[in-house]
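I opened my notebook to look around this structure one piece at a time. Come along and follow the entries with the model beside you.

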Amino acid sequence: MLYLVGLGLGSFSDLTMKGYDVLKKCDYVYLDSYTSIFSEEELKALDINGKCILPADREFVEQSNEIIDRAKNHDVAFLVVGDPLGATTHSDIILRAVEKNISYQIIHNASVITAVGCCGLQLYNFGATVSIPLWDEFGHPESFYDRVIMNMKSGFHTLCLLDIKVKERSLENILRDRKVYEPSRFMSCYEAVHQIVDVSNRKADDQRSKGNTAVMKSCIVICLSD
């Protein structure tokens, strides 16, 4: 059987009692290591009857069938920071399990989708959630900005999820087919704000160059928290 277990808001101490009981009985325990980063010390601190926690990066989860194949005859847990259904990749694992007639169970936990209420904003007044990608040598995508503006025009707040780079290769290493990976890093709040302002300024300049003097002045409030 396959268990998708939510870890809560970024610490093993947020694991629910139900989730911990599931982990104790599982034969294999995998940890999503591409939507979050844990140190070796943190992994060692989580003692599950001496079980080894196996890191699972994006390539492993999306291209390998090891987790699904083992779940045919064993109890397998897949640990996910936040709630297990907070990312499309995790939903894909469920679909693959269903295709192979493998039973699954979801152990829910707290997610940033609800925790954002700590900013003092009503959850019912949030529009579409957006992800802000880190700009790099591969490009400067800016579709996230249009979503923010769309929400603002409708009177909604926007929850922006900041990018994380784990086990990524540079363009040179990809072209040379070298499995050399860049250091893992989180997008900082400063980088996110910088990209939002940069896109806003460029769009305003583009409108002015077309003779549109009635450029909308966007008011974006950024809420930051540890």
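**Entry: strand β1 and its partners.** I began at L4, which stands opposite F78 in β4. Helices and strands here are DSSP runs (H or I of at least four residues for helices, E of at least two for strands), numbered from the N terminus. I then looked up the pairing and found that β1 and β4 run parallel, joined by five bridges. Two strands count as paired if DSSP finds at least two bridges between them. β1 also pairs with β5, again in the parallel sense, over four bridges. There Y3 has Q105 as its bridge partner.

**Entry: a note on the model.** I kept in mind that this is a predicted model, where local features need pLDDT of at least 70, side-chain atom pairs count only at pLDDT 80 or more, and totals for chains, interfaces and linings use all residues. Residues are numbered from 1 along each chain as its sequence is written, and side-chain values use heavy atoms, with hydrogens and water left out.

**Entry: is β1 buried or exposed?** Buried means under 20% relative accessible area, exposed over 50%, and partly exposed in between (1.4 Å probe, protein chains only). L2, L4 and G6 point one way from β1, while Y3 and V5 point the other way. In a regular strand, side chains alternate between the two faces of the sheet.

**Entry: the whole sheet.** I traced five strands in an open, parallel sheet, in the order β3-β2-β4-β1-β5. β3 (53–56) and β5 (104–107) are the edge strands, each pairing on one side only. Strand β2 (residues 28–32) joins β3 through four bridges, and L31 there stands opposite P55.

**Entry: the cores.** I looked for nonpolar cores, meaning sets of buried Ala, Val, Leu, Ile, Met, Phe, Trp, Tyr and Cys residues joined through side-chain atoms within 4.5 Å. The largest has 17 residues, of which L2, Y30, V61, I67 and F78 touch the most other members. β1, α3 (58–63), α4 (66–70), β4 and α5 (88–99) each supply at least two residues of this core. Apart from it lies another core of 16 residues, among them Y3, V5, V29 and L31.

**Entry: cysteines.** I searched for disulfides, pairs of cysteine sulfur atoms within 2.5 Å, and the count came to zero. C26 is buried at 1% relative accessible area, whereas C189 counts as partly exposed at 35%.
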